[in-house]
Amino acid sequence: MRPFGYAAPATVQQAVGLLAAEGSEALAGGTDLLSLLKDDVEPVDRLVALRGVAGLSGIELDGGTLRIGAMTTLQELRDHDGAIAALPALAVAIDGVASPQLREMGTVGGDLLQRPRCWYYRRGFGLLALTADGRSMVTEGDNRYHAIFPAGQARFVNPSSLAPLLVALGAEAVVHGPAGERRLPVEALYQAPQTAEERENTLAPGEILAGVEANVAGSRSAVYEVRQRRSLDWPLMAAAVTLTGSEPRAEKARIVLGHAAPTPHVAAAAGDLLSGQELTSETVAAAADAAVEGAQPMSGNRYKVQLARTAVRRALGHAAGMEI
Amino acid sequence: MKGRRVTDDAKRSGFSRRSFLRGGAAGALSGGLTTGLLTGEAGAAAADSEATETVGPGPVDVELEVNGATHRLAVEPRVTLLDGLRHRLDVTGPKRVCDRGTCGACTVLEDGRPIYACSRLMIESAGRSITTVEGLGSPDAMHDVQQAFVDNDAQQCGFCTPGFVVATAALLARHPAPSEPEIEAGLGGNFCRCGTYKGIRAVVAGGKGGGVSGG
């Protein structure tokens, strides 16, 4: 690793002040950032350690509202019986971060804001992976794990394990910055960059993710991941669904794909199709088809379209308690 | 670069910084729930007296406990816990294999929790307690898990073994009698390229060694 400075603020305000300076980067669990530094992918002058910042770690269950601090480790969340009972799908999403060591180190905020796994990005070719004359290394190269819903020049996938579920739930992100606190839907944390300067998240310099808040009452959620390996790897495809309203009808359905697009991919048409409907194998299959409508697979990732269909069907089945 | 406020004089840090790096992080962690989760107000009154100092990139004094002994050393912020243990403290049980948090050979316990030492900066472990395979037991007085690895011939080349022993101890501390899926999940963060998994499963299935001493 190249040399860098280090600051360990005690408060959110101090952290925000430090992170407003150019070249400063927030350090959470470190499982992703340290790899990026070792591989010299992202230049950093100073790390701002969030581990000791007060008010960023902890879990509150307040009626139907679940509040999770960004520095809460995945294992702490997994071990919180109240949170898991209120939102059992969390256990599936967390267990998908498949190693005890990563769950002990990795944080909720770090999972949400980890950088993409695209191997061109990780080799230093940038998020858009363009050649000097503007051709895409992804479309012309090995794209087996890339997006089936590319967005402009962005063809990597969002790697977060928790984001699809939180987006399906309609959770809010709590962000602190130089201008104070702002709240936004978790999906608005993400963007598909179109220039080399843009990142895949929407946080401004100096802003930090303090945590997330979700209403977990009155809905049923599920996560289904399709994996190549059970340990130490990201899923190939994931679907999260949230159904509101009493069974067997879904008053409203929200279906979100992970590992499918540069951002958590809200399959709005699929959700609309199910809203107000009874969940049957027919309606579920129709929703799964709708979820991949408009997919634009590349030379090596056509298989992911079918994985997405399957993930949606099984997530819906789990949420509705059906055998699919 | 603009805004960069790094200093190179941290080699001889003052007492205030030294005591901060020893205890600051752990002390602040407990503040979460009762002092305003997510509100950004927690701890403000206590901390606004002094601006946060940036240390490094030169060596910074760090104090931490390793296998029951307190160590104080000066390390650059970029030094990982793994490299600090191996190169500075001569604690060579944790192995540097992938150095990217994907193989488990560097597994140690930090405050009793299994972590990848390659993916933690040593400065981040200041004030905390580290247990490596050496801290679990010695050749003369082996930890039950270490003895079980010997009894079940659960190693071949042995390079992954220290990490597996620590991960197994952590697994058994959490699940004294783990089910098959719990064994798979609990040791899913460690790889053995020789394929000694059969012996390691036998170690865990023996249910020996629950609990971790020395940390």
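This is a predicted model: local features need pLDDT of at least 70, side-chain atom pairs count only at pLDDT 80 or more; totals for chains, interfaces and linings use all residues.

Colleague: OK, how many helices and strands does chain B have?

Modeller: Chain B has eight helices and six strands. Starting at the N terminus, the order is α-α-β-β-β-α-β-β-β-α-α-α-α-α.

Colleague: And what share of chain B counts as buried?

Modeller: 50% of its 215 residues count as buried. Also, if you take the contacts in chain B between residues at least 6 apart in sequence, 66% of them join residues at least 24 apart.

Colleague: Let's pick one helix. Which residues of α8 in chain B are buried?

Modeller: Helix α8 of chain B covers residues 197–205, and its buried residues are I200(B), V203(B) and V204(B). They span an arc of only 95° around the axis, so they sit on the same side of α8(B).

Colleague: Switching topic: how many residues of chain B are in contact with chain A?

Modeller: 53 residues of chain B, and they are in contact with 52 residues of chain A. On the chain B side, α1 (15–29), α2 (44–47), β1 (54–55), β5 (113–116) and α7 each supply at least two residues.

Colleague: What kinds of residues does chain B use on that side?

Modeller: The side of chain B that touches chain A has 21 nonpolar, 20 polar and 12 charged residues.

Colleague: Now chain A. How do α12 and α13 cross?

Modeller: In chain A, the axes of α12 (residues 281–291) and α13 (residues 303–320) come within 8 Å and cross at roughly 140°. That angle makes α12(A) oblique to α13(A). The crossing of α12(A) and α13(A) is right-handed.

Colleague: Which residues meet there?

Modeller: From α12(A) there are V284(A), A285(A), A287(A), A288(A), D289(A) and A291(A), and they meet A308(A), R309(A), V312(A), R313(A), L316(A) and G317(A) of α13(A). The residues of this contact divide into eight nonpolar, one polar and three charged.

Colleague: Last one: which residues of α12 in chain A are buried?

Modeller: V284(A), A287(A), A288(A), A290(A) and A291(A) are the buried residues of α12(A). Looking down the axis of α12(A), they fall within an arc of 160°, so they line one face of the helix. Among the elements of chain A that cover them are β12 (252–258), α11 (268–274) and α13.

Conventions:
Residues are numbered from 1 along each chain as its sequence is written. Chains are lettered from A and ligands numbered from 1 in the order in which they are written. A residue is buried if 20 or more other C-beta atoms lie within 10 Å of its own, exposed if 12 or fewer, and partly exposed in between; C-beta atoms are placed from the backbone. Helices (H or I, at least four residues) and strands (E, at least two) are DSSP runs, numbered from the N terminus. The arc is that of the directions from the helix axis to the C-beta atoms. Two residues are in contact if their C-beta atoms, placed from the backbone, lie within 7 Å. Axes are lines fitted to C-alpha atoms, for helices over the stretch in contact, and angles run from 0 to 180 degrees between N-to-C directions. Angles under 35 degrees count as roughly parallel, over 145 as roughly antiparallel, 65 to 115 as roughly perpendicular and the rest as oblique. A crossing is left-handed if the near helix is turned anticlockwise from the far one by less than a right angle, and right-handed if clockwise. Ala, Val, Leu, Ile, Met, Phe, Trp, Tyr, Cys and Pro count as nonpolar, Asp, Glu, Lys and Arg as charged, and the others, Gly among them, as polar.
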